[in-house]
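Biologist: I would like to learn how to read sheets, chain contacts and helix packing in a model. Please take one feature at a time.

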There are 2 protein chains.
Amino acid sequence: MNYKNFPMVPRVIFGRGSFNQLNEIIAPKRLSMDAPFIYLVDDVFKSNSWLTSRILLSYDDRIIYISTEEEPKTTQVDNLVEDIILSTKERPSGIIGIGGGSMLDLAKAVSIMLTNEGETKSYQGWDLVKNPGLYHVGIPTLSGTGAEVSRTTVLTGPEKKLGINSDYTPFDQVLLDPELTRSVPKEQWFYTGMDCFIHSVESLQGTYLNAFSKSYGEMAFDLCQEVFLNDTDMSKEEAEDKLMMASWHGGMSIVYSQVGIAHAMSYGLSYVLGIKHGIGNCIVFDQLEEFYPKGVALFKAMKKKQGIQLPKGVCTDLNEEQMDAMIDMALRLEPLWENALGKNWRRKISSKQLKQLYLKM
Amino acid sequence: MNYKNFPMVPRVIFGRGSFNQLNEIIAPKRLSMDAPFIYLVDDVFKSNSWLTSRILLSYDDRIIYISTEEEPKTTQVDNLVEDIILSTKERPSGIIGIGGGSMLDLAKAVSIMLTNEGETKSYQGWDLVKNPGLYHVGIPTLSGTGAEVSRTTVLTGPEKKLGINSDYTPFDQVLLDPELTRSVPKEQWFYTGMDCFIHSVESLQGTYLNAFSKSYGEMAFDLCQEVFLNDTDMSKEEAEDKLMMASWHGGMSIVYSQVGIAHAMSYGLSYVLGIKHGIGNCIVFDQLEEFYPKGVALFKAMKKKQGIQLPKGVCTDLNEEQMDAMIDMALRLEPLWENALGKNWRRKISSKQLKQLYLKM
């Protein structure tokens, strides 16, 4: 047995209002006046001065606002990298991602592609990155994705949706300020929170599970239930704090194991229909009772408790070619299936079954 | 409010038998043929070829076996550093600590003192270290201390028992192989496991607690109970795995908060009587019902369940001067008292109370 020597985020600051310390934290990392810090910020914050006024821009530092209407793409990373190279005098001092999972993944990918040659799509896969990325900082404003701790950055390329999984992917610094999640719309809060809940279920029920992943997975599993199912009067602040920690632990849990069927099938939905990851996971997981009975029952209870309605019939209008592409995309994620169903997973699941499941969504 | 930007161990490998991967993990860190790896190994492993035969010594690499009869001392670090400097052609490539908390703390301290001038005692305190230490690896063979994740290395100096707390203290690499704990004697297993349990109680009941520490503390708290109180038939292997993770999480919990009264008073016992940390914590905690009612009740239940007898009357033969030194040592650890009792802790505890507590031990 060969175990993974897992890279962890080497610096983390946690606390409500810790965002105020960002400038002070990154200042020592400035390489020169001509080497700016580049902030990639979700454009929902564009006119939110409560957040943006606290970003201190010096010299050539700049904020690039990015829409997260769509999931991040390899070509988007290529364009951002080209834009940054053309517009800066020197290689930047660092990349700071502020937003949800898409923004964190973009920040990770841009930091890698500023020090590695060629096109982003050529690094989708496992351990293909050759050089360490630029100093990069992750600041989640949404809780649940686990992107703040993971060694992947999930991107949609021309041929596949797949992460750049590497030891150079994790952030050098993470800032966890639960206050930054205070104005997330309810649906988004639920879908992204469920990403974390599903991480914990897929990890805890996976064949890759060990004591390391289990302890983190259980913590995320418990915290999600406290936040989404609790009847007692938990304050909004406490719920924000807990969900941010749940996301962290859920992410830690999967680094030493793997996600499972919901993620594999959700990648298919995303690849063919452009359905975003959080809601895609929910749409899929809602139909996975036979694989994750306890987890799906809890999910349905949380959905009911929070009054969330999922879209229906998302796959009904697909033509055969699209359906096949979706199934192919899902089945391509072999480690996820192996984690969920064991080494002989191919005997336990068929394209036909996947099609039936997709048609129920 | 200013939050701590906490350094985490940047690399961790977990798994039964992962010790077999040590040589492969450190190989890329070798600086030259003349820059050896120095292994600091608890001398209980001296004739244990199951462990030592797996350490591959190349060039000038060597193992230094160290007795842990006594807690680590600042002068011991000074001597080790001098010995290493005199006996190596170049500054070592790395220091690898293999053992319990004492050995891990020695490895951390030696790595720091090989790159920082002067005497070790001058670095006891908070953030006094100027230069990063040498590459250092921690491999616990006992679970509970949390030394594998902490940013401190606790040493007894001529004037005080106090840690070198710094951002350069944490290990660069930790290897968690629960199999290495398989031959720990029962008492030692219990005392060191309780160190972790007490970390979790002191953190969870402390005034410094936040959602970060709480989630880690709860995980350690639960895992300790599973290991030490569980009636079901948990295998030895499962218990080893769980306790190793409990230690990790308990350590993570206190980095963002602080320990409390048991640790403060145990430092006193250790400083004056040379009582080792694990058993010292147990002796103290057993008497702290008024401060930690639920935690102490659980501790007593675990002690009973495991058939552990604590020594009695350890302080009865102390003269007044020794008792005063012990109380002074304990009260000197101000952050621990503040965490336990709040900002006005001085009004809530007196030397007289401490004396009464010590006399009950």
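Biologist: Which strands form the open sheet that has E1(A) in its order?

Modeller: In general, strands of a sheet pair through backbone hydrogen bonds, either parallel or antiparallel. Here 7 strands form an open sheet with mixed pairing, in the order E1(A)-E2(B)-E10(B)-E7(B)-E5(B)-E3(B)-E4(B). Helices (H or I, at least four residues) and strands (E, at least two) are DSSP runs, numbered from the N terminus. Two strands pair if DSSP finds at least two bridges between them. This is a predicted model, in which local features need pLDDT of at least 70 and side-chain atom pairs count only at pLDDT 80 or more, while totals for chains, interfaces and linings use all residues. Residues are numbered from 1 along each chain as its sequence is written, chains are lettered from A and ligands numbered from 1 in the order in which they are written, and side-chain values use heavy atoms, leaving out hydrogens and water.

Biologist: In which sense do E1(A) and strand E2 of chain B pair, parallel or antiparallel?

Modeller: E1(A) and strand E2 (residues 11-14) of chain B are antiparallel, with 3 bridges. One bridge partner pair is A:Pro7 and B:Arg11. Helix H7 (residues 236-255) of chain B lies across E2, strand E7 (136-140) and strand E10 (173-176) of chain B, at about 150° to E10(B).

Biologist: What is the order of the open sheet that has E1(B) in it?

Modeller: That sheet of 7 strands reads E4(A)-E3(A)-E5(A)-E7(A)-E10(A)-E2(A)-E1(B), and its pairing is mixed. Strand E4 (62-66) of chain A and strand E1 (5-7) of chain B each have a single partner strand, so one side of each is left without a neighbour in the sheet. A:Gly138 has A:Val174 as its bridge partner in E10(A).

Biologist: How many residues does the contact take from chain A and from chain B?

Modeller: It takes 37 residues from chain A and 37 residues from chain B, where contact means heavy atoms within 4.5 Å. Buried area is the accessible area (1.4 Å probe) that two parts lose on being put together, summed over both. The chains bury about 3100 Å² between them, 54% of it on carbon and sulfur atoms. In chain A, A:Tyr3, A:Asn5 and A:Met8 lose the most area to chain B, together 21% of what that side buries.

Biologist: At what angle do the axes of H3 and H4 of chain A cross?

Modeller: Two packed helices are described by the angle between their axes and the distance between the axes. For helix H3 (residues 74-87) and helix H4 (residues 101-113) of chain A, the axes cross at roughly 55° and come within 9 Å. H3(A) and H4(A) are therefore oblique to each other. Angles under 35 degrees count as roughly parallel, over 145 as roughly antiparallel, 65 to 115 as roughly perpendicular and the rest as oblique.

Terms used: Axes fitted to C-alpha atoms, helices over the stretch in contact; angles between N-to-C directions.
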